[in-house]
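Please read it alongside the sequence and the coordinates.

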Amino acid sequence: MHLMHAFTPDGTPLGNVSAEAWTREPKDYKPKAKRCSSERRMQIKRKPFEEKETYRWLTTSQHCAEVKEHCPKTQFVMLADRESDITEVLEYCRSQDQFDWVIRIDGSRVLNKEKFRDRTVAIREELTNRKSLYQKTLDVRGRTAWGSEGLKHRPGKADRSARDVTVSVHSGEVTLNDPRAGHYDGVIVNAVLVRETKPNGKDDPIECLMLTSLPVKTRKQVDFVLEYYLMRWMIELFFKVLKSGCKIESRRFEHIDRFLPSLAIYMIIAWRSLYICRVSRKHSDASCEKVYSEAEWKSAWQVVRKSRPPRKPPTLLEITKAVAELGGCIDRKNTGPPGPQSMWLGLQAMHIMATCWMAFGPGADRRCVKQRGDGRKTFHPKNRASRSPVDVMVLPYSLQTYIC
């Protein structure tokens with residue numbers, strides 16, 4: 001599945017904008033050309049771009065332009081990783097003015113030549129020779145490599161120790177070489193290079209090279225580009241919730257038509273779990289009723305706090321921490337806001353408690369109860385339709401507020 005998700009600049013998820021799911025053809029066990037060989041490269045080069053899997057990056061960019069038409073007053077910035085470093089995608093993004101974009105590249109691109117015999121200059125070399133805008137110190141977290149031996153040596157996969165690094169930031173306008181036949185003018189884009197000034201020799205040096213349509217002349221403009229691209233990591237957290245929390249890869253169906261509806265529902269659930277984490281940090285002092293229903297926050301309060309719910313609704317962060325405790329989070333003084341893992345477990349427990357709260361707990365509708373002649377109380381079948389809260393609460397993770 002190729003997904004485009006909308007986030008605010010502070011990392012709050014707004015929902016899935018577009019999603020494309022497909023299945024690969026069964027493996028053909030006929031002899032094939034070796035990977036990275038010249039024969040294999042020629043086969044890929046001769047294949048039409050519309051038939052490649054990378055074509056989805058172009059369709060995603062087109063979807064972004066379609067969504068922009070419905071929100072003309074909102075600034076859209078499309079963020080993409082190194083997999084989208086495709087000439088056709090760059091050309092389309094440059095040809096439109098509906099949305100801005102920031103695309104990370106691996107640094108193998110070269111500048112456009114005026115003459116064929118001119119020396120080939122890589123974009124990394126060109127930006128490094130330019131005067132840096134500023135330097136800053138970054139706190140780099142450690143990382144343990146996973147996967148096969150071939151994957152561990154790829155950029156972004158190798159082992160890395162936690163350390164403080166000093167990086168220099170370079171930016172400017174460059175003209176990239178267009179590898180397609182007949183395109184000699186090149187591609188004019190803005191580029192930002194963040195590189196470690198003094199590598200320690202043991203770990204791979206920190207380096208990030210990005211192409212963008214945003215201005216990069218001043219330090220403030222470059223900081224905006226870096227802050228925007230850092231938000232791209234939120235899509236990785238979304239997939240973590242979808243895979244590890246919802247266990248979407250463990251759902252086995254006989255046909256794809258049965259899997260797609262399940263995938264659509266779990267995508268909403270994954271968004272809901274991540275949304276509560278982020279919005280509780282940004283609007284921690286807001287009323288909890290902005291996100292939770294009355295049955296949800298009251299039942300969670302009574303179970304976790306072991307006391308009657310207060311008359312005034314608590315803050316949003318307070319109830320979110322209570323829900324996270326249902327998922328195994330330990331609320332200490334120095335503990336930060338809960339993460340998505342404890343939230344998706346706590347939301348499951350809260351859903352069950354809220355359903356019981358509305359069905360036969362303090363939130364039950366007394367008008368649905370009828371007195372029998374023997375003194376016993378039963379639910380009146382004619383009035384059952386009026387108990388709309390019970391029918392609404394059967395939605396997973398209390399999505400009734402966000403489903404239209």
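## Salt bridges

In this predicted model, Glu 53 has a relative accessible area of 32% and is therefore partly exposed. Glu 53 pairs with Arg 56 in a salt bridge, where the closest N and O atoms are 3.7 Å apart. Arg 56 has a relative accessible area of 12%, so this residue is buried. The structure holds 16 salt bridges. Side chains of opposite charge can pair when their charged atoms come close.

A further salt bridge links Arg 219 to Asp 223, with 4.0 Å between the closest N and O atoms. Both residues belong to helix α6 and are 4 residues apart, which is about one turn of the helix. Arg 219 is partly exposed, at a relative accessible area of 45%, and Asp 223 is also partly exposed, at 22%.

Arg 258 and Glu 254 meet through their side chains in a salt bridge with an N to O distance of 3.7 Å. Arg 258 counts as partly exposed because its relative accessible area is 47%, whereas Glu 254 reaches 67% and counts as exposed. Salt bridges with shared partners also join Arg 24, Glu 53, Arg 56 and Glu 83 into one network.

## Positive surface patch

Lys 27, Lys 32, Arg 35, Arg 40 and Lys 47 form a positive surface patch. One of these, Lys 47, is placed in the loop that runs between α1 (38-46) and α2 (55-70). The relative accessibility of Lys 47 is 39%, so the residue counts as partly exposed.

## Cysteines

How many disulfides does a search of the whole structure find? The search returns 0. For Cys 329, the closest cysteine sulfur is in Cys 277, at 9.9 Å, and that is too far for a bond; the cut-off for a disulfide is a pair of sulfur atoms within 2.5 Å.

Cys 329 has 23% relative accessibility and so counts as partly exposed. Cys 288, in contrast, counts as buried because its relative accessibility is 0%.

## Positive phi angles in loops

Lys 247 has a phi near 55°, a positive value in a residue other than glycine. Lys 247 sits in the loop between α7 and α8 (256-282). Its relative accessibility of 44% makes Lys 247 partly exposed.

Lys 306 is another residue other than glycine with a positive phi, here near 60°. Is Lys 306 buried or exposed? At 67% relative accessibility, Lys 306 counts as exposed, since the cut-off for that class is over 50%.

Tyr 229 is part of helix α6, which spans residues 219-230. With a relative accessible area of 9%, Tyr 229 is buried, because buried means under 20%. Tyr 229 and Ala 80 are separated by 149 residues in sequence, but their C-alpha atoms are 8.3 Å apart in space.

Leu 237 belongs to helix α7, residues 233-245. This leucine has 24% relative accessibility, so Leu 237 counts as partly exposed. Between the C-alpha atoms of Leu 237 and Gly 339 the separation is 9.9 Å, while the two residues are 102 residues apart along the chain.

Note on methods: Residues numbered from 1 in each chain as written. Predicted model: local features only at pLDDT ≥ 70, side-chain atom pairs only at ≥ 80, totals over all residues. Heavy atoms only, no water. Patch = residues over 30% accessible without salt bridge, like charges linked within 9 Å, V, L, I, M, F, W, Y side chains within 5 Å. Areas by Shrake-Rupley, 256 points an atom, 1.4 Å probe, with all protein chains shown as cover. Lys, Arg positive; Asp, Glu negative; His and termini not counted. Charge placed at Lys NZ, Arg CZ, Asp CG, Glu CD. Helix = DSSP H or I, 4+ residues; strand = E, 2+ residues; numbered from the N terminus. Buried < 20%, exposed > 50% of the residue type's maximum accessible area, 1.4 Å probe, protein only.
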